[in-house]
Amino acid sequence: MISIRVRLAFCVSLLGSFSSISAEPVHIQLPWHHQFQFAGYYAALEKGFYRKAGLDVIIDAISPEKKPLPQVLQGHAQYGVANSELLLERLRGARLVALAAIFQHSPSVLLARKEAGILSPHDLAGKAIMVSDQAILAMMHNEGIKRADIHVIPNSYDIQDLIDGKIAAFNSYLSNEPYYLSQQGIDYTVLNPLNYGVDFYSDILFSTEDEIKKHSDRVKALRDASLEGWRYAMDHPREVIDLLVDKYKVSKSRAQLEFEANAIRPLIAPDLVELGHMNPWRWRRMASTFVQTNMVENDHALEGFLYDPDFKVDKERLWLYSEIFLALAIVAVFVIVVLFVSYRTARREIRLRLAAEQEIKKIAYRDTLTGLDNRHHLFLLADQFLKMAQRERYKVAVCFIDLNQFKNINDTLGHKAGDNVLIHVGNTLRSFIRQSDVAARFGGDEFVLLLNHVKNKEDITEMLLEIQQAICQPVNYQNKQLYVSASMGVAFYPDDGTDIDALIDMADSKMYHVKFEDKESLDSQVKNAVYE
């Protein structure tokens with residue numbers, strides 16, 4: 001006779017089998033063969049992050065029949081990884097949605113043999129180049145090079161074409177082909193779009209609007225588990241390399257995979273930016289680039305392109321907001337009745353209401369932590385600033401400030417320590433600007449300065465350097481001294497733009513250039529931020 005314990009174990013096993021059978025497999029379509037470029041997805045699968053989220057994930061490498069955009073659009077895969085072509089297809093009408101940008105900066109570059117003497121895009125005039133990425137074409141456009149000036153041919157993805165001299169330049173990844181050239185002792189030149197004003201996201205995890213509508217919980221679970229996998233991969237690169245060699249049987253050597261891991265880390269920037277972070281301003285600038293290069297007519301389809309992981313939560317709480325609104329409406333009616341009953345009571349209620357309105361205005365226009373203007377008030381004031389500058393014909397400077405090392409402080413010492421740093425930065429900015437200027441907290445550890453009536457660029461260089469030096473001063477917290485520094489970018493009205501969106505976008509781009517490219521002194525960084 002079978003014991004109760006054995007029967008129970010059999011039932012549990014059977015339930016587990018039913019559970020695994022009922023979990024629908026989901027596919028992630030990669031844009032290339034298995035390699036370290038996709039480390040986070042392998043880590044999420046092998047460390048059980050997907051399984052813990054209730055997902056049965058299959059990671060598919062590329063093949064002639066399996067390419068990310070068509071596979072996802074045709075429903076053969078629910079998720080994919082793509083570069084800037086994802087945004088281009090969205091603007092052309094495809095209902096694609098970006099879930100997370102893994103690479104904050106694109107690894108896509110042009111390689112040329114050093115002996116060819118190609119030092120800039122202009123040296124490619126009349127020459128044949130292999131191109132597969134829109135960022136390269138955007139770089140050419142920024143440099144005033146027309147398509148007719150160069151001979152663009154489809155990418156063969158074979159670096160041997162460059163080695164044999166069949167082409168003058170080859171579109172490659174910083175993490176891949178440079179290794180092959182170095183191994184063969186071939187000197188090369190890199191033409192990086194980032195150095196020519198093109199800073200695109202890459203390796204973007206994406207899905208479709210239909211998947212989000214039908215399986216919103218699954219989308220959020222897969223995104224969260226994938227980012228958890230990327231965090232693990234960034235902390236344990238050797239473990240992922242072992243996995244690629246032992247399980248996925250990649251053709252690359254361990255030395256190649258280590259080169260790849262080291263090359264992509266600064267592009268992902270996990271120590272500076274939250275994994276998967278997407279800045280709407282940068283997406284808008286990318287879309288604007290596609291419009292300017294005549295790849296699309298307009299950027300109207302950009303709305304809804306960025307995934308909002310909190311969308312479902314807000315929808316579920318909509319009923320609560322309705323109840324609150326109804327309650328406030330009832331209170332308002334009650335106050336009106338009371339006003340009619342007694343003049344004295346009415347006066348008292350009016351005084352209370354006025355005081356409440358003042359407090360609401362203060363909350364609406366001020367950042368409660370730093371005391372600076374908030375983002376909403378910044379845009380209201382900027383509109384007034386720019387209209388006055390247009391009428392009086394003078395310059396306005398927009399300075400975008402981003403803190404360095406702030407994430408490390410928050411992660412190691414907690415948000416209270418981070419709050420002390422933000423208060424220090426707010427006090428610093430307030431103490432340096434004029435009464436006619438505006439200092440605002442733009443969000444998180446980002447700040448914006450509106451500097452009114454700037455006669456010339458030299459006027460603000462010294463002040464920004466003093467601000468940067470003051471921000472670097474230590475902040476005392478629980479017997480510790482906390483240090484942060486600041487990266488800045490400056491745009492000028494009307495030279496760099498005529499509306500606040502364009503000016504902030506330009507200043508943000510300059511700040512990123514200074515943050516990731518300039519390693520000089522504070523004085524040099526400020527000059528680059530102003531004069532770039």
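Analyst: A cavity is a set of grid points, taken over the protein atoms alone, where a 1.4 Å probe fits but cannot get out. Keep that in mind for this model, which is predicted.

User: Which residues line the largest cavity?

Analyst: Rolling a probe the size of a water molecule over the atoms shows where empty space is left. In this structure one cavity reaches 30 Å³ or more. The largest cavity holds about 50 Å³ of space. Its lining is made of H105, S106, S108, A135, N192, P193, L194, V198, D199 and F200.

User: How much space lies in the largest pocket, and which residues lie nearest its centre?

Analyst: A pocket is an open set of points, unlike a cavity, where the probe cannot get out. About 870 Å³ of space lies in the largest pocket here. Its lining counts 33 residues, and L272, V273, E274, K407 and D445 are those nearest the centre.

User: Which helix gives the largest share of the lining of the largest pocket?

Analyst: That is α18, with five residues. Elements that each supply at least two residues of this lining are α10, α13 (280–292), β11, α18 (406–413), β12 and α21 (500–517).

User: Now the chain as a whole. How many helices and strands does the secondary structure come to?

Analyst: The chain has 22 helices and 16 strands. Of its 532 residues, 48% are buried. Among contacts with a separation of 6 or more, 74% are between residues 24 or more positions apart.

User: Which residues have the most contacts inside the largest nonpolar core?

Analyst: In soluble globular proteins, nonpolar side chains tend to be buried together. Here the largest nonpolar core has 46 residues, and I28, F36, Y41, Y50 and L222 have the most contacts inside it. Helix α10 (residues 216–235) gives the largest share of this core, nine residues. A second, separate core has 44 residues, including I129, A135, L137 and I145.

User: With which residues is Y50 in contact?

Analyst: Setting aside neighbours within four places in sequence, Y50 touches I28, Y41, A44, L45, L55, V57, L222, A225 and S226.

User: Is helix α2 mostly covered or mostly uncovered?

Analyst: Helix α2 (residues 39–46) is mostly covered, with six of its eight residues buried. The buried ones are A39, G40, Y41, Y42, A43 and A44. After α2 comes G48, which has a positive phi near 85°.

User: In what order do the four strands form an open sheet?

Analyst: Strands of a sheet pair through backbone hydrogen bonds, either parallel or antiparallel. The order here is β12-β13-β11-β16, with antiparallel pairing. At the edges are β12 (438–443) and β16 (485–493), each of which pairs on one side only. From one strand to the next, the twist averages 25°. Strand β12 is joined to β13 (residues 446–454) by five bridges, and the two run antiparallel.

User: Which residues make up the covered face of strand β9?

Analyst: In β9 (residues 188–191), T189 and L191 form the covered face, while Y188 and V190 form the uncovered one. Strand β5 (residues 108–113) pairs with β9 in the antiparallel sense over four bridges. Y188 is the bridge partner of R113.

User: What phi does H453 have, and where does Q478 lie?

Analyst: H453 is not a glycine, yet its phi is positive, about 55°. H453 lies in strand β13 and counts as partly exposed because its relative accessibility is 44%. Q478, also not a glycine, has a positive phi of about 50°. Q478 lies in the loop between β14 (475–477) and β15 (480–482). With a relative accessible area of 57%, Q478 is exposed, the cut-off for that being over 50%.

Terms used. Residues numbered from 1 in each chain as written. Predicted model: local features only at pLDDT ≥ 70, side-chain atom pairs only at ≥ 80, totals over all residues. Heavy atoms only, no water. Core = buried A, V, L, I, M, F, W, Y, C linked by side-chain atoms within 4.5 Å. Buried < 20%, exposed > 50% of the residue type's maximum accessible area, 1.4 Å probe, protein only. Contact = heavy atoms within 4.5 Å. Pairing = 2+ DSSP bridges. Axes fitted to C-alpha atoms, helices over the stretch in contact; angles between N-to-C directions. 1 Å grid on protein atoms, 1.4 Å probe; cavity = no way out; pocket = protein on both sides within 12 Å on 5 of 7 lines; lining within 4 Å. Points joined across faces, edges and corners; volume = space filled by probe spheres on them.
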